[in-house]
Amino acid sequence: MIQLKSMLNCIDNSGAAMVECVMVVGQKKHASIGDRIVVVVQKQRGAAAEGMSAASTAVKVKRGDIRHAVVVRTRQMVSRRDGSVVRFDDNACVLINKAGDPVGTRVNGIVGQELRKKKWSKILSMAPMQA
Amino acid sequence: MNTALLVRRPLGCLKASLRQTRQQNRVFPNRHMATATATASKRGPIPSGVSIDDHNFYRIIDPKTKKTRTAFAVYTPPETTSHSSTTTTTKKRSLTLPKLISPPADPLPALHAQQIKRMDPTGARTALFAKTRTAARVGDILMVTHRRGGEPFAGVLLSIRRAGIDTAILLRNHLAKVGVEMWYKIYNKNVAGIEIVKRAKKRARRARLTYMRKPKHDMGSVSEVVLAWRKMRRVVATSKAASKAKVDAKAKKAGKAAGAKKAK
């Protein structure tokens, strides 16, 4: 349930750590996994960011930047067609450019399987796991 | 235009006439001339313009055109049909309806039982989440495998939502340091298997362990427990297979020996 002012973790190596949702693209409802949003970078990842090598954390975005992003995890339950439901402990997103390609080169963390249905195959292939 | 139709489909008119006879059959089931005349005299006052044709079938004839303007049948409710044996006149007048069986007071449990029987013919899933000592309980570590492949999901059983065919379980685990919770329907055909990886040491004193979402009580990842269990299971399976193979080999040898003796 990502809406205006929602704070999300950014789980790629674009350089952003925390972002704030300022708009949900293309729909009037709240955003769920696989939806596109517009975010403002609120916190940058430091040099000693956990789980990332110094080479891969090339800072591509800065605090205050306005970027597009794809939601990859939500705290809100997401139900699937077979009746199963998935829920994560945090809200997370991956930054993309306007064409839809990811800004970072790596995704570290689990992403929701709904991305496949919404055709974010690039992000899925970058992710280490999906649930 | 009609002639053209006939040329194209010479048996078209036959079909129409057949349909008419079928409709008549439906409207006047088991109609006899004798009954029609006999009942007509016994009837009470008939409203003007309404002619009684057969049993309780009324037809209103238009006085000008002498054609049937409208027609309707009067059916007696099932209670009166069953009690009408006392008076012969009412018995004759009533159309015999098939006796209606009243539906069961609560049909939903029966429906659920039927559906569960269809989705789980062996009763294994029902037994796994029944309220018995051997069944899986809240706090156990379970593993769910999918029919479509993909990695099986293991986690702590937080709660069981018992709702007939919709019965579902909530599993919680940590994947890549992020807590993930999954609800699974236990009677889903896509769920290939549900296995108990580890039993809880103590019986949980709550029905739903939602407190395990808090950092203080969070179990963390269960992947190590699952790995250990898998390793152990593989050892057991291989040892079993080995012993079975040995037995088979012995039997084969014995059989061969017997065959050789017979040949001698």
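Chain B of this predicted model averages a pLDDT of 78, and 67% of its residues score at least 70. One is residues 32-44, for which the model has eight contacts beyond four places in sequence. The other is residues 80-91, with seven contacts of that kind. Where pLDDT is low, the predicted coordinates should not be read in detail.

Now for the place where the two chains meet. Chain B puts 15 residues into the contact, and chain A puts in 16. Between them the chains bury about 1300 Å², and 59% of that area lies on carbon and sulfur atoms. Two salt bridges cross the interface of chain B and chain A. In one salt bridge, the side chain of Arg172(B) meets that of Asp89(A), with 2.6 Å from N to O.

Which strands of chain B supply at least two residues each to the side that touches chain A? They are S6 (168-175) and S7 (178-185). S7(B) gives the largest share of that side, with eight residues. Sorted by class, the chain B side comes out as seven nonpolar, three polar and five charged residues.

S7(B) also has a partner strand in the other chain. Strand S6 of chain A (residues 85-88) runs antiparallel to S7(B), and four bridges join the two. Going along this pairing, Val85(A) stands opposite Trp183(B), and Arg87(A) stands opposite Glu181(B).

Zooming out, the pairing of S6(A) with S7(B) belongs to an open sheet of seven strands, with antiparallel pairing. Reading across the sheet, the order starts with S5(A) and S6(A), then passes into chain B with S7(B), S6(B), S5(B), S4(B) and finally S8(B). At the edges sit S5 (78-79) of chain A and S8 (191-198) of chain B, each of which pairs on one side only.

Conventions. Residues numbered from 1 in each chain as written. Chains lettered and ligands numbered in written order. Predicted model: local features only at pLDDT ≥ 70, side-chain atom pairs only at ≥ 80, totals over all residues. Heavy atoms only, no water. Contact = heavy atoms within 4.5 Å. Buried area = accessible area lost by both parts, 1.4 Å probe. Salt bridge = Lys/Arg side-chain N within 4 Å of Asp/Glu carboxyl O. Nonpolar A, V, L, I, M, F, W, Y, C, P; charged D, E, K, R; others polar. Pairing = 2+ DSSP bridges. pLDDT = per-residue confidence, 0-100.
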